[in-house]
Amino acid sequence: MRKVISEVSTAENRDKHNAIEKAFAILMSFLPDNEAASTIDLSRNLGFHKATTSRTLKFMAEFGFVRQNEATKKYSLGPSIIKLAAAINKSLSSGLVSQARPYMMDLRKKTGQTVTLEILSGHQVVMGCAVEG
């Protein structure tokens, strides 16, 4: 009996893992411009079955990670993404940015130019702070 339970648990974990991978693949497919896409477009572009894509999108929409335009039925990134971005911004502001800001202000004063602090995050660059010149 234990063997059967562990085999089922392993299969369930694999399915959950695959579902999470698919959800992240869908999120990343909206980069870089958050261009709206239909379920069929996403299925085709990602190589997922339409039913799987539809089910994943509905689950993601429940948590606000994507939203569906009622008129076009296309999906785009949702408000939960903005909340996550705000959390990242807040953590940057409370640490690195607060330490860098005095040096950035001094550099702006000396050069008269806008000074930006940009941080490499994976393969993307995120602007942590800008001090206008």
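**Exercise 1.** Find the residue in strand E4 that is the bridge partner of Leu117, and describe how strands E3 and E4 are joined.

*Solution.* Step 1: the bridge partner of Leu117 in E4 is Cys129. The model is predicted, with local features requiring pLDDT of at least 70 and side-chain atom pairs pLDDT 80 or more, while totals for chains, interfaces and linings use all residues. Residues are numbered from 1 along each chain as its sequence is written, and side-chain values use heavy atoms, leaving out hydrogens and water.

Step 1: E3 covers residues 115-121 and E4 residues 124-131; the two run antiparallel and are joined by seven bridges. Strands (E, at least two residues) and helices (H or I, at least four) are DSSP runs numbered from the N terminus, and two strands pair if DSSP finds at least two bridges between them.

Step 2: two residues lie between the strands of this hairpin, where Gly122 takes a positive phi near 70°.

**Exercise 2.** Characterise the lining of the largest pocket.

*Solution.* Step 1: a pocket is an open set of points on a 1 Å grid over the protein atoms alone, where a 1.4 Å probe fits, with protein on both sides within 12 Å along at least five of seven lines; lining residues have an atom within 4 Å of a point. The volume, about 610 Å³ here, is the space filled by probe spheres set on the points, which are joined across faces, edges and corners.

Step 1: of the 19 lining residues, Leu31, Ile81, Ala85, Ile88 and Val126 lie nearest the centre. Helix H1 (2-29), helix H4 (79-111), E3 and E4 each give two or more residues to the lining, and H4 has the largest share, six.

Step 2: the lining has 14 nonpolar, five polar and no charged residues. Here Ala, Val, Leu, Ile, Met, Phe, Trp, Tyr, Cys and Pro count as nonpolar, Asp, Glu, Lys and Arg as charged, and the others, Gly among them, as polar.
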